[in-house]
Amino acid sequence: DRAALRLILLGIFLISASSQPVKKKQNVDIYSFYINSTVTSRYATTVITSRVANTVNESQEIQFEVKIPKNAFISKFRMTIEGKIYDGVVKEKQEAQQQYSRAVSQGESAGLIKSVGRTLEDFKTSVPVAAFSKVTFELTYEELLKRRLGKYELLINAQPMQPVADFKVDVHIQEKPGISFLEVKGDLSTDDLANAIKTTRADKDAWVTFYPTRDQQTKCKSCGENGLNGDLLITYDVERPNHQGEVM
């Protein structure tokens with residue numbers, strides 16, 4: 001197998017690659033990048049799916065890097081390479097650290113989640129991909145939203161590392177008591193991208209979509225040659241007709 005995957009709990013994961021070294025190159029095409037987040041009763045499950053193609057006539061290492069909230073935990077990581085699926089396996093921290101150290105000493109491809117600020121952590125890994133082949137990365141993380149200053153906050157970071165032809169963010173919020181307030185802020189909520197953000201509200205549901213065009217991804221204030229680089233902060237609150245709370 002080209003890549004046997006092991007995903008480690010608490011921020012450490014490994015990818016055992018082939019013994020032949022693979023050069024890192026920039027000739028890759030991220031042709032699809034989806035972020036899908038579902039919030040039910042203040043509990044959010046977010047799935048990031050990145051589809052990448054190797055566009056050169058030789059094998060090369062392709063990176064996957066995203067930022068996730070500090071309070072979230074990774075519940076699933078999957079790679080699909082040439083039709084084969086490689087799922088992560090959750091392990092305890094001590095065993096994970098030992099496997100990570102062993103992989104580094106043996107020269108294998110390895111990755112580590114690192115803190116990148118007060119609110120986000122960096123999830124990064126890489127895998128060798130054959131000439132003109134494709135790889136799909138799928139990362140799922142979950143978190144319980146906290147209420148700050150009367151509002152619940154869902155933070156979604158978007159930094160795909162290049163402009164993407166098919167880029168979508170879909171958020172669905174469902175709250176049984178009803179949604180009393182909804183607002184979208186953040187680095188990517190600017191005049192340049194205003195028409196890419198749409199919100200829809202019903203009594204107990206709300207939807208937020210962010211579909212920037214490839215052109216918008218290079219010309220907004222939080223953009224550049226590497227495409228989008230910023231976040232969306234979705235804040236909302238629920239109706240509180242029953243002051244005794246609710247049982248879930």
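Me: What should I know about the model and its numbering before I start?

Reply: Residues are numbered from 1 along each chain as its sequence is written, and side-chain values use heavy atoms, with hydrogens and water left out. The model is predicted, and local features need pLDDT of at least 70, while side-chain atom pairs count only at pLDDT 80 or more, and totals for chains, interfaces and linings use all residues.

Me: In what order do the 4 strands of the open sheet stand?

Reply: Strands (E) are DSSP runs of at least two residues, numbered from the N terminus, and two strands pair if DSSP finds at least two bridges between them. Here 4 strands form an open sheet in the order E12-E13-E18-E15, with antiparallel pairing. Strand E12 (147–148) and strand E15 (179–185) stand at the edges with a single partner strand each, so one side of each has no neighbour in the sheet.

Me: Which way do the residues of E18 point, and are they buried or exposed?

Reply: In a regular strand the side chains alternate between the two faces of the sheet. From E18, Gly230, Leu232, Ile234, Tyr236 and Val238 point one way, whereas Asp231, Leu233, Thr235 and Asp237 point the other way. Buried means under 20% relative accessible area, with exposed over 50% and partly exposed in between, using a 1.4 Å probe and protein chains only. By that rule 9 of the 9 residues of E18 are buried, so the strand is largely enclosed by the rest of the structure.

Me: How many aromatic pairs does the structure hold, and how is a pair described?

Reply: A pair of aromatic rings is described by the distance of the centres and the angle of the planes. Rings of Phe, Tyr and Trp (its six-membered ring) pair if their centres lie within 6.5 Å, and planes under 30 degrees apart count as stacked, over 60 as edge-to-face and the rest as tilted. The structure holds 7 aromatic pairs. In one of them, the rings of Phe33 and Phe167 have centres 5.7 Å apart and planes at 0 degrees, so this pair is stacked. Phe33 lies in strand E3 (residues 28–40) and Phe167 in strand E14 (residues 166–174), so the pair ties together parts that are 134 residues apart in sequence. Phe33 is buried at 4% relative accessibility, and Phe167 is buried at 2%.

Me: What kind of pair do Phe64 and Phe123 form?

Reply: Phe64 and Phe123 form an edge-to-face pair, 6.1 Å centre to centre with 70 degrees between the planes. Phe64, in strand E5 (residues 60–69), and Phe123, in strand E10 (residues 120–129), are 59 residues apart. Phe64, Phe77, Phe123 and Phe137 form one aromatic cluster.

Me: Which cysteines does the disulfide join?

Reply: A disulfide is a covalent bond between the sulfur atoms of two cysteines. The rule applied here asks for a pair of cysteine sulfur atoms within 2.5 Å, and the count comes to 1 disulfide. The disulfide joins Cys220 to Cys223, with S to S at 1.6 Å. The torsion about their S-S bond is about 65 degrees, so the disulfide is right-handed. Cys220 and Cys223 are both buried.
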